[in-house]
Amino acid sequence: MPPHYITPKIAFFSGVEDPENHLTKFIAQMIISGVSDAIRCKMLMGTFTGTTLQWFRGIPVGHITSFPQFSRLFR
């Protein structure tokens, strides 16, 4: 994370909520924060809980190579 970075408050996503709505809110916060794609990937992963976290754990290591790709998988 960049020095002095303040983590925005982003709601958790368990899989019950609308993924498109979650992603829209998440992207808006990331645009405001001005962070890189790599940090966006890490931050999005950090919002997962419940079945969504289980889904994420099933993705092979190294499979996600960009935030746009991660966004498509998430939707």
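**Ground rules.** I am working from a predicted model, so I note that local features need pLDDT of at least 70, side-chain atom pairs count only at pLDDT 80 or more, and totals for chains, interfaces and linings use all residues. Residues are numbered from 1 along each chain as its sequence is written, and side-chain values use heavy atoms, with hydrogens and water left out.

**Entry 1: two helices.** I took helices as DSSP runs of H or I, at least four residues, numbered from the N terminus. I looked up α1 (residues 19-33) and α4 (residues 67-74): their axes come within 10 Å and cross at roughly 155°. Axes here are lines fitted to C-alpha atoms over the stretch in contact, with angles from 0 to 180 degrees between N-to-C directions. α1 and α4 are therefore roughly antiparallel, the word for angles over 145 degrees.

Who touches whom (heavy atoms within 4.5 Å)? From α1 I listed P19, H22, L23, F26 and I27, and from α4 F67, S71 and F74. I sorted the residues of this contact into six nonpolar, two polar and no charged. Nonpolar here covers Ala, Val, Leu, Ile, Met, Phe, Trp, Tyr, Cys and Pro; charged is Asp, Glu, Lys and Arg; the others, Gly among them, are polar.

**Entry 2: rings.** I paired rings of Phe, Tyr and Trp (its six-membered ring) when their centres lie within 6.5 Å, and called planes over 60 degrees apart edge-to-face. That rule gives seven aromatic pairs. One of them is F13 with F74: centres 5.0 Å apart, planes at 65°, so edge-to-face. This pair links distant parts of the chain, since F13 lies in the segment before α1 and F74 in α4, 61 residues apart.

F13 is buried at 4% relative accessibility, and F74 is buried at 8%. Buried means under 20% relative accessible area, exposed over 50%, partly exposed in between (1.4 Å probe, protein chains only).

I also checked F48 and W55: centres 6.0 Å apart, planes at 65°, so edge-to-face. F48 is buried at 5%, while W55 is partly exposed at 31%. One aromatic cluster takes in F13, F48, W55, F56, F70 and F74.

**Entry 3: core.** A nonpolar core joins buried Ala, Val, Leu, Ile, Met, Phe, Trp, Tyr and Cys residues through side-chain atoms within 4.5 Å. The largest one has 16 residues, and F26, M30, M43, L44, F48, F67 and F70 have the most contacts inside it. α2 (37-45) gives the largest share, four residues.

Notes. Parallel < 35°, antiparallel > 145°, perpendicular 65-115°, else oblique. Contact = heavy atoms within 4.5 Å. Phe/Tyr/Trp six-rings, centres within 6.5 Å; stacked < 30°, edge-to-face > 60°.
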